[in-house]
Every structure is written in C-alpha cells, then in structure tokens.
Amino acid sequence: MGWMAWTLPTALFFSAIALMLVAMTVWQTVSPGRERKGFLPLATSRGDRLFIGLLASAYVHLLVLALTDWPLWIATAICVAGMAIIMKWG
Amino acid sequence: MKPYNNKAWWLVLPVFVLVAFSAIIPMMTVVNYSVQDIFDPSTRYFVGTEWYREILADPRLHDSLMRQFVYSFCVLAIEVPLGIIVALSMPRRGLGVPVSLILLSLPLLVPWNVVGTIWQIIGREDIGLYGWILNSLGLDYNYASNPRDAWATVLVMDVWHWTSLVALLCYSGLRSIPDVYYQAARIDRASSWAVFRYIQLPKLKNVLLIAVMLRFMDSFMIYTEPFVLTGGGPGTATTFLSQTLTQMALGQFDLGRAAAFSLIYFLIILLVTWVFYTAMTHNDNKG
C-alpha cells in the first residue's frame, strides 16, 4: 500500500466516507426510506441528499480555501451543519 | 412491508469491484498525493491544503478553465443545432439510409491523434485545402501563428469529428417517432416548422440531453486533437485544462499540485454530470 502514499488525515477522511456509506446502508435496510420533496427543488432519496451534501461540502471547502484565510475547520463545521439540514429538510 | 427487493444489489458487486480497481483506488491515491509534496515514493512531506490554495489562485488554472468553458460552449452551440439539421435532412427509407449512416459514422472511426494530424495538414496554407481556400479568399489565415485562426481550426476540427454523433443520436430519436403523429399533423395541415416544434423537438428531448452530456464531457476533457494540431499554441491560446494538467504532472513532475488540480477538475465534471443526470431522470419521472 506504500504506493498509495497514505497519510493519517486522508485515511480518516476516507474512513469517515466509508462509515457514512455503511451507516446509510444499514439505515435503509432497517428503515427503508422513499423519495420525498423538501426545500431542494427536486424529489430526493436519502442517498441523493447525502450525495448533494457531500458535493456541496467539497465546493464549500474549495470556496473557503480560494476566498478566505479561515482555518479549514470552520468550513468543515459549516458543512456538517449544512449536511444535517439537507438530510433533515432537503 | 419492504418497498423494494434489495437482493439485486448483489448483482452490482462485480461492477463495484471493477470500478474500485479502475477508478476508486486511483482516485484515493490522487487525494493522498494532493496533500503531499512528493519527490520520490519514499521522500514525501505532508503539506495539508497548500496545493489547493496555490492552484485555486493560479492564473494558469483560471485561464485554462475559462478557455475550456468557452470551447465547450462553442462546441455545443454549433454541433447540437447542426446535428439536428443533418438528422432532419437524412433520408427515412431506401438506399440513402445505409449510405448516409456509413458516411456519418466515418469521422467517428478516425482515432483522435489522426484527426489532429489530418487537420494539421488540411489547415496548412501551402498544401492544405482548408488553409489554401481561406488564403485564396483573401483572409490572412495561419493557425500556427494567429490565436483566432488556431481557435477556429480547433473548433472546425471538433465539428468535423463529432457532429456525426449528435446527428446519429438525433436520427435514432426521429426514427422512433410513430407515423401517427405525422399523419395527425398532415390532417391538421401543420407546417414543417410546427411539426418540428411540437412533435419532433419534444420527442428528441431525451436524446438531445444525452448528446449534450456526451459532447460536453468529451469537449471538456479534450486533449489529443488540439495537442497534435497546435500543441496548445500559439502561446497558450489553445491550452485547455487537460493539457495544463499534463504539463504540470509530467512536464514539471509536480505531482502534488497536479493531483490537487485534477481533483478540482474532477469536481467540476462531477457537478456538471450530476446536473445533466438529474435533468434527464427528472424528465423521465415526469414521463
């Protein structure tokens, strides 16, 4: 695995993504969800909302890096809050 | 009661394994590279988000990105209407059908580097037909020294290569419209424009979305043809994103910066693809 040049932060990042996918699979198996319409302009399933939240988070991080000198944890905190809002009411 | 039978997901497992090896593992490696300064496999230093900050402030990325969007917009603005016109002009029955299908398929069979070489020769003002005609018309055409001519040649080359794809997709869409629609239009004495506007165009919507998506993706990732034709020049006039990325990764062996660049590039493509995919499935759901 040395050729993949792993670092602790990237390993934690991918572990978090993998855990999210496993948790979503378990959630869907235990309590199946259906598409619904929230504040987003289209009907979405839980998986759709997770994808939209992750993609939006990536762009928020890039915007913070490009336009500000803020430490990255502020972007991460905004994204965690945004993800919760999208999953609940999106 | 379970709304779906989830056992079918096991059938996706082989594809998942294939995609893991062809895309996910390489992508994870690129993410790992993007946060490090890599000199060789054993000498690397963690730099955090430094490459991202540098790349996002890099005028080369801004210029390439702008050129790329303008190029993709021009490609779509020319190829989609032209493809529809070609498809509408194609015969519906008789010997003309296979002949026109074969003729339209020919440019699609030519390898990308050969397309670049063909247009490198055709565009020359001394021995190339295109360059000679333009110069004979009094235009001072030289794609090797004039950025405007280089852009025009790269665009004409793309139109020559890929309009067939749009035309073939539209033709297949037109052929799937049942005759009863045309019979009803004839009874109503509908004009050709009305038939196109209210029958053909709505029925082509899904096919056109696929065509637009394919052409956007391909034009946004274009590398070989302009590289062979102009080498990205004159200056950096036709240097698009993929060529800037290649120069960074292979020319300068700046793997960390190139990895951050490719992830930003990937996120742009992912967003646009998702928007198109959502538009298509939303359209399908509405019936």
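Phe253(B) counts as exposed, with 11 C-beta neighbours inside 10 Å. The model is predicted. Phe253(B) is not a glycine, yet its phi is positive, at about 50°. The residue sits in the loop between helix 12 and helix 13 (255-285) of chain B.

Ala5(A) is not a glycine and has a phi of about 55°. Ala5(A) belongs to the segment before helix 1 of chain A. Its surroundings are given by 22 C-beta neighbours inside 10 Å, and Ala5(A) therefore counts as buried. The threshold for burial is 20 or more such neighbours.

Leaving aside residues up to four places away in sequence, Ala258(B) touches Leu245(B), Met248(B) and Ala249(B). Gln247(B) lies eleven residues from Ala258(B) in sequence. In space, the C-alpha atoms of Ala258(B) and Gln247(B) are 8.9 Å apart.

A cis peptide bond is found elsewhere in chain B. The bond joins Gly233(B) and Pro234(B), with omega at about 0°. Pro234(B) falls in the loop between helix 11 (224-229) and helix 12 (241-251) of chain B.

Helix 10 of chain B covers residues 205-220 and has 16 residues. From its first C-alpha to its last, helix 10 of chain B reaches 22 Å. This is close to the 22 Å expected at 1.5 Å a residue. The buried residues of helix 10 of chain B include Val207(B), Ala211(B) and Arg215(B). Ser219(B) and Phe220(B), also in helix 10 of chain B, are buried as well.

Chain B also contains a pair of antiparallel strands. Strand 1 of chain B spans residues 36-40, and strand 2 of chain B spans residues 43-46. Four bridges join the two strands. Gln36(B) has Phe46(B) in strand 2 of chain B as its bridge partner. Asp40(B) stands opposite Thr43(B) of strand 2 of chain B. A hairpin of two residues links strand 1 of chain B to strand 2 of chain B.

Chain A has three helices and zero strands. Its pattern along the sequence is α-α-α. The C-alpha trace of chain A spans about 40 × 35 × 15 Å along its principal axes. Its radius of gyration is 15 Å, whereas a compact globule of 90 residues would have a value near 12 Å. Of the 90 residues in chain A, 10% count as buried.

Two domains divide chain A. Domain 1 covers residues 1-32, and domain 2 covers residues 34-90. Taken over C-alpha atoms, the centres of domain 1 of chain A and domain 2 of chain A are separated by 17 Å.

The two chains are in contact. Chain A contributes 20 residues to this contact, and chain B contributes 26 residues. On the side of chain A that touches chain B, helix 1 (8-30) and helix 2 (46-67) of chain A each supply at least two residues. Helix 2 of chain A gives the largest share of that side, six residues. By class, the side of chain A that touches chain B has 15 nonpolar residues, four polar residues and one charged residue.

Conventions:
Residues numbered from 1 in each chain as written. Chains lettered and ligands numbered in written order. Predicted model: local features only at pLDDT ≥ 70, side-chain atom pairs only at ≥ 80, totals over all residues. Pairing = 2+ DSSP bridges. Contact = placed C-beta atoms within 7 Å. Nonpolar A, V, L, I, M, F, W, Y, C, P; charged D, E, K, R; others polar. Rg over C-alpha atoms; globule rule 2.2 N^0.38 Å. Buried ≥ 20, exposed ≤ 12 C-beta atoms within 10 Å, placed from the backbone. Domains from an automatic or database assignment. Expected span 1.5 Å × (residues − 1).
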